[in-house]
Amino acid sequence: EKYGVNQLRKMFLEFFESKGHLKMNSFSLIPHNDNSLLLINSGMAPLKPYFTGQEIPPRRRVTTCQKCIRTGDIENVGKTARHGTFFEMLGNFSFGDYFKHEAISWSWEFLTKVVGLDENRLYPSIYEDDNEAFDIWNKEIGIAPERIFRFGKEDNFWEHGAGPCGPCSEIYYDRGEKYGCGKPGCTVGCDCDRYMEVWNNVFTQFENDGHNNYTELVQKNIDTGMGLERLAVVVQDVDSIFDVDTIKALRDKVCEMAGVKYMEDEKTDVSIRVITDHIRSVTFMASDGILPSNEGRGYVLRRLLRRAARHGRLLGIEGRFLAELSKTVIEVSKDAYPELEEKKAHIFTCINTEEENFNKTIDQGLSILNGFVEELNNSGKKVINGENAFKLYDTYGFPLDLTKEILEEKGIEVDTEGFNKAMDKQRETARKSRKVSNYMGADSTIYEDIDTALTSKFIGYDKVEASSNI
Ligand code: ATP
Ligand code: MG
Ligand code: MG
Ligand code: MG
């Protein structure tokens, strides 16, 4: 029997409940009291106050299935088998309670006994100096030394500036030769889709004083994260996250709407996968109350939605289609996320309005863009100037990376610096004009400085996001 996504989520949470964990609901995608992050990107992120000791957790063992968004992975979406901008992260956490022994044993027990994966396909990795983890894997679990991979700080040490940090141990699953890159030396840790990372166990045992002096923490923590979609890929033995039951239902709907078949043409497939992924992000973000805008989270929503809309065009879909598609997202996920059903009307309005707005200008924008491309081709240039890219953004609503993506397909780059300059110039003009009308005695521009995360827009947010490992 092959477990479905909804079943696997339940199995995980129940397993850790049986080990004394408190099951908590997924937190919102919008971080609470945390300016370092634009969107929640791991199970651990909303639990930070419990890890730092700022707040007392309701129990020292907690388990969650957390909705996550990683826009930093957007380039991978549709191209690898394992990355989505939206995904669900299963996690078990210990706040000064159990440590490595239990974390490792339970992850193994869950994968091999509860869902029944073949142990011969599983490979752990550890931080190179973590002999404690090595001994647990080797002596207690019984994994042969040559099947345990030691990696350096970059891969297997979780650290976020000053504060709690520590080594981690990841679990990889060998999906077989047909998924390999075929390059010599392709093994655990290779970037291709054969040895897929499914689970990351982080052992926060040190405190970094900010100058790389490490002391052992009195309260040692466990923070783990496993992608639910990736777990489903290996359990269901399918090609990619776009083939697991719930996401396949969505993918099928995209194909039906576009009148295309999956797996017939690579370019078409990328578009199908991009739409399938992005509509999940968009639907969940809207359900958490994020509205499209030109900054911060709203800009992420806007850019994902518009990118999906443009890929819809590439597939030949005419008119609005995204709200209809979000119905399937709601249908397959509403049991675990009741907010989807509750906010249904709002989600549809949000998507319809934004798509309608973009549809009004997209054709014009595309033809202007084609004009630019023709000019460049005629003059033999390979870089579009920033002002033209800004015009597409400002007048036709083309997010910068949408312009970049379209041009990349034609071998043309964008002068990003010039784009930013044009953007700054326009902001300055807007700022000046606003200063004239000061609001109840206060200069209205002060509000722009209140929440830096909210105003950091696209130029900054990948940096903020990419900085978190798990
Ligand atoms: P990868 O190396 O494959 O990009 P990661 O090391 O960035 O993964 P972690 O930060 O360790 O991932 O997150 C914990 C788990 O969350 C991963 O082991 C994986 O199962 C899952 N995961 C991470 N990023 C994604 C994504 N973009 N889409 C789906 N699942 C993901
Ligand atoms: Mg990653
Ligand atoms: Mg990794
Ligand atoms: Mg990892």
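Two residues are in contact if their C-beta atoms, placed from the backbone, lie within 7 Å.

The model on your screen is predicted, so local features need pLDDT of at least 70 and side-chain atom pairs count only at pLDDT 80 or more, while totals for chains, interfaces and linings use all residues. Residues are numbered from 1 along each chain as its sequence is written, and chains are lettered from A and ligands numbered from 1 in the order in which they are written.

Next, colour by domain: domain 1 covers 5–236 and domain 2 covers 244–466, with bounds from an automatic or database domain assignment. Their centres, taken over C-alpha atoms, are 30 Å apart.

Now look where the two meet. Here 29 residues of domain 1 are in contact with 30 residues of domain 2. Which element gives the most to the side of domain 1 that touches domain 2? Select α6, which gives four residues. Helices (H or I, at least four residues) and strands (E, at least two) are DSSP runs, numbered from the N terminus.

Last stop: ligand 1. Among the 18 residues around ligand 1, the nearest are D73, F87, N200, G225 and G227; a residue is near if its C-beta atom, placed from the backbone, lies within 6 Å of the molecule. Select β8 (195–208), which supplies the largest share of the shell, four residues.
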